[in-house]
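Here is a short briefing on one protein model.

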Amino acid sequence: MNNLLDVPITSITELTPERAVVVTRAILRSECTYSKLGPDVLTISCRLTTSDGGIDAEISVPPEVAVPGDCIFKSGLTGFQIKSGTTFKPWTISAIRSELLDSNGQLYSEVERLVQSGGRYTLICTGHDLIPKQRNQSRRQIATVFAQKGFTGYEDLIDVLGASQVAEFAECES
């Protein structure tokens with residue numbers, strides 16, 4: 001598919017938390033339409049100060065529904081955590097621990113519910129145009145925390161998207 005729209009990476013890396021949620025919501029809604037799914041499969045809120053249990057958005061697709069392979073989500077349950085800005089560095093274990101674990105060292109409630117049900121975990125980092133090494137390290141850090149909490153073999157259900165990937169999905173939606 002040829003895209004007529006070019007989304008500059010800086011338009012993604014400079015998103016405020018509020019705008020990052022708005023852009024992600026637009027992409028997820030568009031991806032649901034592309035997959036011929038109704039709006040009822042998507043849950044996302046623009047309330048940034050409400051405790052969310054570690055998941056900002058969720059898409060729940062019945063397992064028997066085929067989702068196009070180039071979609072941002074797959075059949076089943078996918079949870080999204082949205083991070084903006086450059087201070088959050090997902091390739092570091094400290095950043096990932098603070099994102100996934102509460103003050104008692106337990107998985108945040110919605111993250112735990114997601115992994116207990118075998119759902120996909122996708123971390124969206126709009127503040128960084130991740131190089132492959134950073135993206136791979138980020139996935140490994142998440143998998144390490146999940147394994148430490150008893151959820152081993154989870155690597156294939158984790159994705160980390162940086163500014164380039166977000167821009168690509170935004171371009172596809174035009």
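Two strands pair if DSSP finds at least two bridges between them. Helices (H or I, at least four residues) and strands (E, at least two) are DSSP runs, numbered from the N terminus. This is a predicted model: local features need pLDDT of at least 70, side-chain atom pairs count only at pLDDT 80 or more, and totals for chains, interfaces and linings use all residues. Residues are numbered from 1 along each chain as its sequence is written, and side-chain values use heavy atoms, leaving out hydrogens and water.

**Strands**
- Isoleucine 59 stands opposite threonine 78 in β3.
- Strand β3 covers residues 76–83 and runs antiparallel to β2, with five bridges joining them.
- Strand β1 (residues 42–44) also pairs with β2 in the antiparallel sense, over three bridges.
- Threonine 43 has glutamate 58 in β2 as its bridge partner.
- Four of the five residues of β2 (residues 57–61) are buried. Buried means under 20% relative accessible area, exposed over 50%, and partly exposed in between (1.4 Å probe, protein chains only).

**Salt bridges**
- Side chains of opposite charge can pair when their charged atoms come close.
- The model has four salt bridges, each a side-chain nitrogen of Lys or Arg within 4 Å of a carboxyl oxygen of Asp or Glu.
- Glutamate 58 pairs with arginine 113, the closest N and O atoms being 2.3 Å apart. Glutamate 58 lies in β2 and arginine 113 in helix α4 (residues 109–116), so the pair ties together parts that are 55 residues apart in sequence.
- Glutamate 58 counts as buried, at 18% relative accessibility. Arginine 113 is partly exposed, at 33%.
- Glutamate 110 also forms a salt bridge with arginine 113 (2.8 Å, N to O). These two are three residues apart in α4, about one helical turn.

- The structure holds one cavity of 30 Å³ or more. On a 1 Å grid over the protein atoms alone, a cavity is a set of points where a 1.4 Å probe fits but cannot get out; lining residues have an atom within 4 Å of a point.
- The largest cavity has a volume of about 40 Å³. Grid points are joined across faces, edges and corners, and a volume is the space filled by probe spheres set on the points.
- Among its lining residues are Thr24, Ile27 and Phe169.
- Helix α6 gives the most to the lining, with three residues.
- Seven of the ten residues of α6 are buried, so α6 is largely enclosed by the rest of the structure.

Terms used. 1 Å grid on protein atoms, 1.4 Å probe; cavity = no way out; pocket = protein on both sides within 12 Å on 5 of 7 lines; lining within 4 Å.
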